[in-house]
Amino acid sequence: MNIIMLLLPLLAGIGLSVQSAVNGTFGKRVGTIESAFFTFFTGAIFLTIIVNFFGQGNILNIHEVPKWQLLCAIFGVIYLSLMVLAVPKIGVTAAVISVIVGQLVASMVIDHFGWFESEVVPFGIKRLIGVVLMCMALFFVFREKTDKSAAQSS
Amino acid sequence: MIAGMSLSIEAAIGGALGQHVGELESTYYIFIIGAMATFLVTLFFGKGDLRQILTVPKWNLTGGLLGVVYLALLVISVTLMGVGVSVTAVIVGQIIMSILIEHFGLLGSPRIAFNRNRLIAVVLLMISFVLVL
């Protein structure tokens, strides 16, 4: 039972990587921002159906929440557009790993200061070591990249 | 990395929004506003060719559906297992899949074989997750 539940987020991650690869290829044909637009547009259509059947909240409360909470959509746009731009240039794996490192670093900053109503989790020595290891991981992913382009140009 | 930071900020703000209007509704809102914003940017600054949508292979058009599948599965698993386990499993799935895509050159990606550098990077990342999460 637990194993099956673990498959759900695993599949979600697989879906996210496939999306990056698909959108990267698609973006080369139709353009970066066009690809982001199409992704949001079709996603919105699917969600219209899903929210209608399974939505338990109330979308109309959107008028009552603090205005800064409405900014989340803009950050979604930045993410999707930058991915479409980056994937054809540096490849899926390098792009995905950079995103993950960026995500973890930003989450730690948000945790540390408790921004956006999140719980405060102070930055400690364990997290510091984690950041150092992540930077090393990025170094290895991109070293291979420069090795290859150096080999090609010579 | 800026993309990743944006994703975290989106998740943090979207989570706060989700508590007021519901998780699915908050995602729905993000997609609607995202579609409108990118539509405007496309209209004024788009240099690409949207008509290509009709000529590209159909699997190129699945990005939006995949985004929704990702979010739906994430919402379900966060409810069942909590954020920590879910996020870790998502990241593991992402890394494995992206390495597979490049190793076999799937989905129009150039072929890059799995090598020692990538192995070291993955091991380092795994250790850092244990420390961070």
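Student: How many of the 20 residues of helix α1 of chain B are buried?
Tutor: This is a predicted model, in which local features need pLDDT of at least 70, side-chain atom pairs count only at pLDDT 80 or more, and totals for chains, interfaces and linings use all residues; side-chain values use heavy atoms, without hydrogens or water. Residues are numbered from 1 along each chain as its sequence is written, while chains are lettered from A and ligands numbered from 1 in the order in which they are written. Buried means under 20% relative accessible area, exposed over 50%, and partly exposed in between (1.4 Å probe, protein chains only). α1(B) is mostly covered, and its count of buried residues is 14.

Student: How far does α1(B) reach from its first C-alpha to its last?
Tutor: Helices are DSSP runs of H or I with at least four residues, strands are runs of E with at least two, and both are numbered from the N terminus. The expected span of a helix is 1.5 Å times one less than its number of residues. For α1(B), residues 2-21, that gives 28 Å, and the reach is close to it: 28 Å.

Student: Which residue follows α1(B), and what is its phi near?
Tutor: The helix runs over residues 2-21. The residue that follows is B:Gly22, with a positive phi near 100°.

Student: What does helix α2 of chain B reach, end to end?
Tutor: α2(B) covers residues 23-45, 23 residues in total. Its buried residues include B:Leu24, B:Tyr29, B:Phe31, B:Ala35 and B:Thr42.

Student: Why does α4(A) count as largely enclosed by the rest of the structure?
Tutor: Its 22 residues should span 32 Å at 1.5 Å a residue, and the end C-alpha atoms are 32 Å apart, which agrees. A:Gly114 follows the helix, with a positive phi near 65°. α4(A) is largely enclosed because its buried residues number 17 of the 22.

Student: Which residue of chain A does B:Ile95 touch?
Tutor: Contact means heavy atoms within 4.5 Å. Residues up to four places away in sequence are not counted. In chain B, B:Ile95 touches B:Val122, B:Leu125 and B:Phe129; in chain A, A:Ile100.

Student: Is B:Ser98 buried or exposed?
Tutor: B:Ser98 is found in helix α4 (residues 83-104) of chain B. It touches A:Ser17, A:Val92, A:Thr93 and A:Val96, not counting residues up to four places away in sequence. Its relative accessibility is 0%, so B:Ser98 counts as buried.

Student: What is the relative accessibility of A:Gln19?
Tutor: A:Gln19 has its place in helix α1 of chain A. Its contacts, leaving aside neighbours within four places in sequence, are A:Thr39, A:Leu80, B:Gly63, B:Leu66 and B:Gly67. A:Gln19 counts as buried, because its relative accessibility is 5%.

Student: Is A:Lys28 buried or exposed?
Tutor: A:Lys28 also sits in α1 of chain A. Leaving aside neighbours within four places in sequence, it is in contact with A:Pro88 and B:Gly108. The C-alpha atoms of A:Lys28 and A:Pro88 are 7.5 Å apart, across 60 residues of chain. With a relative accessible area of 56%, A:Lys28 is exposed.

Student: What is the relative accessibility of A:Arg29?
Tutor: A:Arg29 is found in helix α1 (residues 2-30) of chain A. It touches B:Gln52, B:Thr55, B:Val56 and B:Pro57, not counting residues up to four places away in sequence. A:Arg29 counts as partly exposed, because its relative accessibility is 40%.

Student: How many helices does chain A have?
Tutor: Along the sequence, the pattern of chain A is α-α-α-α-α. Of its 154 residues, 47% count as buried. Chain A has zero strands, and its number of helices is five.
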